[in-house]
Amino acid sequence: MLFFNLSAFYFFYFAAVGVYIIFLPKVLHDIGYSTFDIGIVFALAPLMRFITPFMFLKHIKLDQNMFKIALFLSVVSSALFYLTIDSFYLFLINNAILGACLSLILPYLEVTAISILGKEKYGKSRLYGSIGFMLISLVLAKFLSEPHIALHYYLFLNVSTVIFALLLLKFDVEHKTTQKEESFSFFKYWPFWLSLFFMQMSFGGFYNFFTIYETTHGISLEMTSYLWSFGVICEILVFYFQAPLLKNNLLAIIKFCVGITIFRWLLLYIYPESLSITFITQSLHAFSFGLYHSSVVIYLYTLYENKKLAQQFMYGVAYGLGGFVGALIAGAVYGEYLFLYSALFSLISLIALFFVRKNQIL
């Protein structure tokens, strides 16, 4: 039952992410938002993901009650999209609230997934999130005739996510608080956190502007949705077969994935109008996200005793602060050199990894 509920949670959660990442930037662009406005909107939510974890170091306890509040507010924020989307500032505030909620939901349940399911079943459960992401990219591209259709899909998927998240609470793993957990050190492994930041920063152009980038280079919206889906199919294959790989040196795997990501962004920069090359770059998503994400999640699980807070910081620093800065920069420099900047950021991420030592103490 845990495997089914967790798989369903991942399916609906990442299907909602698909609507948010693939189609919402296009929706905002079509109703008159500038690329810089879009960059700001999609930068604020990850910024909240970065800020929120610091509240749980001393002042607030990350427990089931707080988790339920985050679920409730995520539904409210999704519903308020209808009322706020035509106002830049109201939509900005709404995204901030949503970002704070999302910074709690996924990392909270990731610890349960890893601790109970183990490495092999975690990957197989997580792949259902990729399936949800892929299906929504295919389906919504055919039915997105007007902006509010995307909002309908997002609200439905968010409500479904909350239902299965609540069902998972009975499997929640409670860890006893120790003095060591209370002194959680964000800076203890600072090169690794720096690498996480720049890696996700490199995705700013991809997550926020890939759809716009491809359609402006002559590729149709429907074909762009196929590109998204192809990348996710490759990601699914990695999630299914990754268990034996994750038994090896996780840090070496992470370095390999970051190196592949540098190559991926360079190809998109050099061949912006080549459909075949773009399909190749999407196949590399299996490594630059799929294998990379699993390796990072499990690596952090081995580093810290306070595992929920470690995962929350991972989403906060990488998908939060890194996503925030990456989205802002992508919105500001959008154009010919967009993915050249992405390649540079991922190169810095790779360099930082060579300074990581597991027993390092600041």
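Let's start at serine 125, which is found in helix α4; helices here are DSSP runs (H or I, at least four residues), numbered from the N terminus. The model is a predicted one, in which local features need pLDDT of at least 70 and side-chain atom pairs count only at pLDDT 80 or more, while totals for chains, interfaces and linings use all residues. Residues are numbered from 1 along each chain as its sequence is written, and side-chain values use heavy atoms, leaving out hydrogens and water.

Is serine 125 buried or exposed? Serine 125 is buried, with a relative accessible area of 0%; buried means under 20% relative accessible area (1.4 Å probe, protein chains only). Setting aside residues up to four places away in sequence, serine 125 touches Phe3, Leu6, Ser7, Tyr10 and Leu117, where contact means heavy atoms within 4.5 Å. With serine 7 there is also a side-chain to side-chain polar contact at 3.4 Å.

Now for the nonpolar core, a set of buried Ala, Val, Leu, Ile, Met, Phe, Trp, Tyr and Cys residues joined through side-chain atoms within 4.5 Å. The largest one has 130 residues, and Phe9, Phe192, Trp193 and Met314 have the most contacts inside it. Helix α4 (residues 88–143) supplies the largest share of this core, 23 residues. Phenylalanine 192 touches Ile254, Val296, Tyr299, Leu300, Leu353 and Val356, again not counting residues up to four places away in sequence.

How far can you trust all this? The protein chain averages a pLDDT of 84, pLDDT being the predictor's confidence in each residue, from 0 to 100.

Note on methods
Buried means under 20% relative accessible area, exposed over 50%, partly exposed in between (1.4 Å probe, protein chains only). Helices (H or I, at least four residues) and strands (E, at least two) are DSSP runs, numbered from the N terminus. A polar contact is a pair of N or O atoms within 3.5 Å; within protein, one must be able to donate a hydrogen and the other to accept it, and residues adjacent in sequence count only if both atoms are side-chain atoms.
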